[in-house]
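Open the model in a viewer and keep the sequence panel beside it.

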Amino acid sequence: MMFRSLHHVPVDQIDTALREIHRVLRPGGRVYISEPVFAGAFNDLARIYNDEESVRRAAFDAVCRAVATGLLELVTETFFLTRLYYRDFAAFAKKHFESTHSVRDVTYEQKNAVERLFNTYLGPDGADLTQQVRGDLLRKPA
């Protein structure tokens with residue numbers, strides 16, 4: 001299982017990672033790969049300080065190549081929405097600027113731009129955003 005992680009593999013190594021998955025699976029074995037789709041309000045915010053559009057595209061393209069070349073077979077592809085709720089901008093900033101697996105060097109200008117845009121989504125009960133995720137169940141050919 002790979003949960004929102006394939007796009008974190010260096011782009012020039014994603015195909016290698018999928019070949020390695022193929023290598024360790026037994027014939028008929030399955031791998032589940034979920035990846036966030038780069039679309040929607042959350043990504044409009046994130047692209048200001050961490051634009052992952054190209055790496056997410058590279059991950060999806062690599063999965064497509066693995067299927068097209070017969071390395072893996074697509075069993076199912078499912079799209080779903082993940083709820084992303086923030087009571088205020090401070091909660092958003094804490095999660096995405098401070099508490100993260102990656103070092104964020106967010107500039108003052110970026111933070112202000114994110115806050116301005118975030119506030120357009122903020123209602124009396126906070127900001128209730130969603131992120132679309134694609135889940136691919138793949139199988140090693142028998």
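Begin by selecting helix α2 (residues 41-49) together with helix α5 (residues 108-121), which pack at an angle of about 170° with their axes 8 Å apart. The two helices are therefore roughly antiparallel to each other; angles over 145 degrees count as such, under 35 as roughly parallel, 65 to 115 as roughly perpendicular and the rest as oblique. Axes here are lines fitted to C-alpha atoms, for helices over the stretch in contact, and angles run from 0 to 180 degrees between N-to-C directions. Helices (H or I, at least four residues) and strands (E, at least two) are DSSP runs, numbered from the N terminus. This is a predicted model, in which local features need pLDDT of at least 70 and side-chain atom pairs count only at pLDDT 80 or more, while totals for chains, interfaces and linings use all residues. Residues are numbered from 1 along each chain as its sequence is written, and side-chain values use heavy atoms, with hydrogens and water left out.

Show the side chains between the two helices. On the α2 side are Ala 41, Asp 44, Leu 45, Ile 48 and Tyr 49, and they meet Gln 110, Ala 113, Val 114, Leu 117, Phe 118 and Tyr 121 of α5. Contact means heavy atoms within 4.5 Å. The residues of this contact divide into nine nonpolar, one polar and one charged. In this count Ala, Val, Leu, Ile, Met, Phe, Trp, Tyr, Cys and Pro are nonpolar, Asp, Glu, Lys and Arg charged, and the others, Gly among them, polar.

Next, pick Leu 117 in α5. Not counting residues up to four places away in sequence, Leu 117 touches Asp 44, Leu 45 and Ile 48. The C-alpha atoms of Leu 117 and Asp 44 are separated by 8.4 Å, with the two residues 73 apart along the chain. Leu 117 is partly exposed, at a relative accessible area of 25%; buried means under 20%, exposed over 50%, and partly exposed in between (1.4 Å probe, protein chains only).

Move to Thr 107, in the loop between α4 (89-98) and α5. Its relative accessibility of 36% makes Thr 107 partly exposed.

Then select Glu 52, in the loop between α2 and α3. Glu 52 is buried, with a relative accessible area of 12%, and touches His 7, His 8 and Phe 38, leaving out residues up to four places away in sequence.

Now turn to helix α1 (residues 14-24), where Ile 14, Leu 18 and Ile 21 are buried. They cover an arc of only 55° around the axis, which puts them on the same side of α1; the arc is that of the directions from the helix axis to the C-beta atoms. The face turned away from the buried side carries the exposed residues Arg 23 and Val 24. Among the elements covering the buried residues of α1 are β1 (2-3), β2 (30-36) and α3 (53-68).

For the last stop, select Leu 6, Ile 14, Leu 18, Val 31, Ile 33 and Leu 72, the residues with the most contacts inside the largest nonpolar core, which has 17 residues. Such a core is a set of buried Ala, Val, Leu, Ile, Met, Phe, Trp, Tyr and Cys residues joined through side-chain atoms within 4.5 Å. The largest share of this core, five residues, comes from α3.
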